[in-house]
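Hi,

Here is the model I promised to send over.

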Amino acid sequence: MNMIRLATIMLIGCVLLRAQTPDTETAPTPAPPLKVTILGSGFGPSVNLQRFGASILVETSVGDKLLFDCGRGFAQRLTEYGVSLGAVDKLFLTHLHSDHILSIPDLLLVGWMQGRKVPLQVWGPAGTKSMMDYMGKTFEFDIRARADFDDRLTKDGIRSSSSDIQEGTIYEKNGVRVTAFLVDHGPVKPAFGYRVDYAGRSVAMSGDTRFTENLIKHSQGVDLLIHEVAPIYSPNPNQTERERAQQEKIIRDLHTTADQTAVVFNRVKPRLAVYAHGGDSAVLAEAQKTYFGPLEIGEDLMAIEIGDQIGVKRRRK
């Protein structure tokens, strides 16, 4: 009888212990509200095999995938990251310089062939809708040939739904709000930066810009600020004085210098600032003369998780 009582007590104790112990299989760590992956961090239209063209993927904890710019190498980096092109159907363009749009045909066509069944939605500055309309015409033969051969390809999946935007909220769904704001990319007008807000977390992306008060205004309170930066100019001995002066002027008239980004970061006070579309150790050292907050040099496939803490994971090389 004593043995039966002892076994009963032990069984009750095990049940109570089980109830007090979290089940790690049924209670996984929740995903952070926002995950930002820099797919391409290169500066300008020149070919760089380590840093591909401008492209940033923003993902929410409920599965939304928002793509900002679509530069050279986007398809390769997204595939390397492990996401199908068919899973992306929302693209936001900062401006229409070639290094920010070269891979849109890959997103449109390969995404269709990889299973996208809804139109590719594209938001961008004036000229975006016309560009996307002509893109369909450019690849008309390829689209028709593939659609005739493979009945799994849907008509909607190869369509695009494009909008020429103005400053303001341009997308709001599933708790996600995307706000476009004007930036100053010299003669390239209009050019936009973007801010994404979701579940109390936020990221702002400058696009290409000179120093502008409007970016500071719209980036207030963000967790993460991703900003472009001009390279620190190093004269080429084969250049003439006139050529050197012209190159310096182009950079100064179109982009933000390292010391100017420090002013931006000091006024915005993000929890983390990251350079993308440029940035190296020389730029970092210059900015850190006057900015002492967390600052990282972006690189391809750097992933930033934004929750109560901000985690940064770099690509394994």
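Let me start with a strand pair: β8 (residues 176-185) and β9 run antiparallel and are joined by 9 bridges. Strands here are DSSP runs of E, at least two residues, numbered from the N terminus, and two strands pair if DSSP finds at least two bridges between them. Within this pair, T179 has R195 of β9 as its bridge partner. The two strands make a hairpin with 2 residues between them, and G186 in the turn has a positive phi of about 65°.

On to the next strand: β9 also runs antiparallel to β10 (residues 201-205), with 5 bridges joining them. Y194 sits opposite M205 in β10. This hairpin too has 2 residues between the strands, and A199 takes a positive phi near 50°.

As for burial (under 20% relative accessible area, 1.4 Å probe, protein chains only), β9 (residues 188-198) is largely enclosed by the rest of the structure, because 9 of its 11 residues are buried.

Then there are the nonpolar cores, meaning sets of buried Ala, Val, Leu, Ile, Met, Phe, Trp, Tyr and Cys residues joined through side-chain atoms within 4.5 Å. The largest has 29 residues, and Y194 is among those with the most contacts inside it, along with V58, F68, V178 and V203. β9 gives this core its largest share, 4 residues. A second, separate core has 27 residues, including L57, W112, M131 and M135.

Some housekeeping: this is a predicted model, where local features need pLDDT of at least 70 and side-chain atom pairs count only at pLDDT 80 or more, while totals for chains, interfaces and linings use all residues. Residues are numbered from 1 along each chain as its sequence is written, and side-chain values use heavy atoms, leaving out hydrogens and water.

Cheers

Technical notes. Buried < 20%, exposed > 50% of the residue type's maximum accessible area, 1.4 Å probe, protein only.
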